[in-house]
Every structure is written in structure tokens, then in C-alpha cells.
Amino acid sequence: LPVKPPSSPSFSLQAKMSRLAQARRLEGVDKNIWVDFVKLAATYSKVNLGQGFPDFPPPDFLMEAFGRAVSGEMHMLHQYTRAFGHPPLVKILAQLFGKLLGRGLDPMTNVMVTVGAYQALFCCFQAFIDEGDEVIIIEPFFDCYEPMVKMAGGTPVYVPLRPKAPKEGKLMLSADWQLDPAELASKFSERTKAIVLNSPNNPLGKVFSREELELIADLCVKHDTLCFSDEVYEWLVYDGKEHIRIASLPGMWDRTVTIGSAGKTFSVTGWKVGWTVGPNELLQHLRTVHQNSVYHCATAAQEAVAQGFQRELEHYGKPDSYFVRLPRELQQKRDQLVQSLVAVGMKPIVPEGTYFLVADISKFKSEVPDVPNSDEPYDSRFAKWMVKNKGLAAIPLSAFYCGAHKDNYNSFIRFCFAKEDATLKAADNILQKWKLEKTAP
């Protein structure tokens with residue numbers, strides 16, 4: 001006979017789990033500032049300079065390549081490709097980065113394609129970090145580094161870039177934020193498994209100099225430490241600065257995983273195509289994580305990116321190269337936003353690279369007074385006030401610091417200038433109106 005389900009309403013209560021369902025590795029990493037600020041921007045902002053994505057289209061040649069990939073003419077591009085990277089893409093990446101690094105690269109063992117640079121980072125931490133391992137993170141840092149280290153069982157160790165005062169009458173530059181060599185050296189120990197390097201740096205836009213990279217490289221070699229080098233903004237460098245790849249320095253190839261992104265390279269952040277470049281002895285472990293997590297990346301997007309790189313390799317260094325045109329255009333947008341912020345009384349830190357510009361908001365404390373004993377950093381409350389009252393969205397710099405250091409750098413906010421000129425003009429209009437309100441009797 002069929003068994004009748006219990007009629008008592010207490011049955012459903014008794015069936016609930018009584019023990020904690022979540023894994024311990026998720027404790028303390030469930031909060032994410034982007035959830036809050038994306039929601040605020042969607043609700044209140046007239047102009048969103050918070051999130052780091054362009055609102056202008058990618059280059060025509062790349063969109064045409066993607067159109068060909070999905071048009072049906074090459075129907076196998078709708079199916080699985082090689083798990084560790086579409087063959088045309090890994091081949092052209094090996095060719096290009098072999099040229100940039102000055103060494104021969106095997107596309108099948110020295111390159112792996114990932115679901116954006118985000119998954120590349122995740123693979124690095126999962127592949128190499130064990131319980132008890134320490135990972136040095138340079139502050140300010142892209143916010144996912146910290147939770148990814150903790151989820152792998154590691155312990156983040158933080159070392160800050162410290163700002164030096166600019167010359168009288170000059171704007172501060174991102175280059176003015178520097179590591180203290182003795183302080184950095186003191187963070188290395190027998191427990192140090194890796195250091196995370198991000199150059200050009202998000203959020204500051206700092207491009208690490210050769211001298212700074214040599215300092216890091218010497219410490220990595222001395223302490224036999226890995227380097228996860230996040231170089232997603234490698235082509236977005238301004239004012240004639242040079243992006244130097246740390247893997248090209250003596251002793252660093254064998255211990256470095258270099259991470260790149262088609263999203264930042266070709267202005268297609270939604271395609272989620274990234275990659276790692278490094279020695280097979282390291283990448284073989286990334287492949288293990290990759291094959292047991294996402295396994296595979298979108299074939300058509302990889303095909304289009306491969307064609308984009310093929311085109312750029314043919315035009316390398318020429319005026320019509322996208323890698324030449326895009327930074328030139330973004331530098332103009334940067335300068336436009338700098339002028340707008342200076343006019344309203346903020347103090348921008350002029351970036352040498354990336355999509356981002358950090359500005360000092362100290363002069364605005366009279367408009368948004370501090371709240372004594374508040375757990376929320378001042379810049380976070382300011383950014384929320386600004387989007388609600390002025391319609392302009394930005395991100396607090398404290399979001400890029402560990403909990404213990406958030407209040408040390410809470411007078412700055414980050415803007416994204418990788419936007420249409422019309423978007424930046426709209427932001428300027430908001431700032432000009434704000435200036436008039438500040439000076440009105």
C-alpha cells in the first residue's frame with residue numbers, strides 16, 4: 001500500500017537541515033561591495049563611472065570576426081573546442097607573447113585559455129596555495145585576491161603602496177605611490193608561497209617601474225616564491241610609459257604565471273576570454289583545476305579573439321594598431337576627467353595606465369560630515385551619498401584594502417574613464433552643477 005505523507009505541519013520543520021550547510025571556506029568571504037554599488041548605481045545614477053567596463057563598442061574588425069564565428073559558416077565553432085584553449089587562439093598567443101618575452105613558447109603547454117582573467121586567478125590560488133601558505137598582496141588590490149586566497153586555505157599578507165607628496169602645485173601621480181623596500185622584504189618568510197603583482201594596477205593606475213619589478217623579482221628568487229602577475233591592462237599605458245613583464249626578468253620565468261584578458265585588451269569585457277602564460281611545470285597544475293571546474297571556454301569568442309590577435313600581430317606597433325589607438329584615446333579621456341575633477345575641487349591622482357583614476361575627496365567633508373565610531377569607511381558613505389544626491393557613481397578606494405587598513409585610505413574614490421565622450425561630458429555637467437551649488441551664497 002502507498003504510504004501517506006504525514007499531515008502534521010511540523011514535518012516540514014523537522015526536515016530542515018539542523019547543521020550548517022555552507023563550507024567553512026566561504027566564511028567571511030560572502031560579502032561583495034560590487035553587489036551593493038551596482039544596485040545603487042542602477043537605482044540612482046545618471047552617470048556610472050563606477051564599474052570598470054567601456055560603454056563604447058569594440059573595434060569593428062573584432063565584431064566582424066565574432067559575426068563570422070557565429071554566422072553558421074563554420075558550424076563546428078558552436079561546439080566544444082580543446083579544453084585548455086582553442087588551437088588558433090593559443091597558437092597566436094604563444095607567437096605574440098613569445099615575441100614580447102623573448103623566448104619560444106609551446107602553445108599547448110605554455111598557454112592556457114580561461115573564462116576571463118578572473119578564472120585564471122582562481123586557478124592560480126587553487127592550484128598552488130595550501131593551508132598555512134602565505135600570499136603577499138600589494139595594497140590597494142583588486143578585491144577578489146583576498147577571498148580567493150582565503151578560499152584556498154591561505155593567509156593574505158598585506159604590504160601597502162605608500163603615497164609621497166607631489167611637488168608644490170603639481171597633481172599627484174600614480175607613480176608617487178611606492179613600495180617601501182624594507183617593508184616589502186619583511187613580509188617574505190619561509191611560509192610565503194606567492195606574491196600577487198598587478199601592473200598596471202587597479203585601482204591606482206600605477207605602472208610598476210623596472211626598478212620596482214627588480215626589487216620584487218630579487219625577493220621572489222631569494223625566497224623561492226611564486227609570482228601571479230595580473231597584467232590585464234598591459235596595453236593601456238599612457239604618457240610614454242613602458243609596461244614591463246616581470247616574467248622577462250632574470251630568474252622569473254620559471255616561477256611566474258602571467259595573466260591576461262581579451263576583455264581589457266579588445267574592450268569586450270562580457271566575452272570573458274582570459275589566459276595564462278608560463279612554464280609547463282606550473283601550467284600543468286592550472287590545467288588540473290581548469291578541467292575540474294569550468295572545463296571549457298566559449299569557442300566562438302575564442303575564435304574571434306584569435307582573429308583579433310592575428311590582425312594586431314600584423315599591425316604591431318603601427319599607427320592603425322588597436323593596441324596603439326586605444327591607449328591614445330583613453331589618455332585623452334583620462335585628461336578630460338582630470339580637468340573636470342580639478343574644477344570641482346577634487347584632487348585626482350593621475351594614472352599611468354588602466355581604465356581608472358583615483359581622486360582625493362578631503363575637501364568635501366563639510367558636505368558629507370564624518371560619523372564618529374562608524375564601522376563604514378568615510379569614502380564608502382561619501383560614494384553612496386554622491387550617487388543618491390548627485391547621480392554620479394564611483395567606487396570607494398577602501399574597497400581595495402583589507403579590513404584592518406580600510407580607514408587608513410578612506411578619503412579617496414575611484415572613477416572609470418573608459419567611457420564615451422558623451423558619458424564623460426554628462427559627468428562634467430554633474431560636477432559643474434555641483435560646483436555652482438557649493439559656491440552659491
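**Reading the terms on one predicted model**

Modeller: Over residues 46–425 the chain is 36% helix and 16% strand, with the end C-alpha atoms 12 Å apart. Here helices (H or I, at least four residues) and strands (E, at least two) are DSSP runs, numbered from the N terminus. This is a predicted model, so local features need pLDDT of at least 70 and side-chain atom pairs count only at pLDDT 80 or more, while totals for chains, interfaces and linings use all residues. Residues are numbered from 1 along each chain as its sequence is written, and side-chain values use heavy atoms, with hydrogens and water left out.

Biologist: What does UniProt list for residues 46–425?

Modeller: An unreviewed entry gives "domain: Aminotransferase class I/classII large" for that range. UniProt positions follow the numbering used here, feature names are shortened, and annotations may be inferred rather than shown by experiment.

Biologist: Into which domains is the protein divided?

Modeller: Domain 1 is 25–58 + 321–439, and domain 2 is 60–315. Such bounds come from an automatic or database domain assignment. The C-alpha centres of the two lie 24 Å apart.

Biologist: How many residues of domain 1 are in contact with domain 2?

Modeller: 41 residues of domain 1 are in contact with 49 residues of domain 2. Contact means heavy atoms within 4.5 Å.

Biologist: Why is Thr 276 called buried?

Modeller: Buried means under 20% relative accessible area, exposed means over 50%, and partly exposed lies in between (1.4 Å probe, protein chains only). Thr 276 has 0%, so it is buried. Its place is in strand 10 (residues 274–277).

Biologist: Which residues touch the most other members of the largest nonpolar core?

Modeller: They are Met 346 and Phe 415, in a core of 138 residues. The core draws at least three residues from each of domain 1 and domain 2. A nonpolar core is a set of buried Ala, Val, Leu, Ile, Met, Phe, Trp, Tyr and Cys residues joined through side-chain atoms within 4.5 Å. In soluble globular proteins, nonpolar side chains tend to be buried together. Beyond four places in sequence, the contacts of Met 346 include Phe 364, Phe 415 and Trp 434.

Biologist: Why is strand 3 called largely enclosed?

Modeller: Six of its six residues are buried, so the rest of the structure largely encloses strand 3. In a regular strand the side chains alternate between the two faces of the sheet. Both faces of strand 3 are covered. Glu 134, Ile 136 and Ile 138 are buried on one side, and Val 135, Ile 137 and Glu 139 on the other.

Biologist: How do you know that strand 3 and strand 4 pair?

Modeller: Two strands pair if DSSP finds at least two bridges between them. Strand 3 and strand 4 (residues 155–160) have six bridges, in the parallel sense.

Biologist: What joins strand 7 to strand 8?

Modeller: Five bridges join strand 7 to strand 8 (residues 226–230), and the two run parallel. The chain crosses between them through helix 8 (residues 210–222), and this β-α-β crossover is right-handed. That term applies if, with the strands pointing away from the viewer, the path from the first strand over the helix to the second runs clockwise. Strand 3, helix 6 (residues 145–151) and strand 4 also make a right-handed β-α-β unit.
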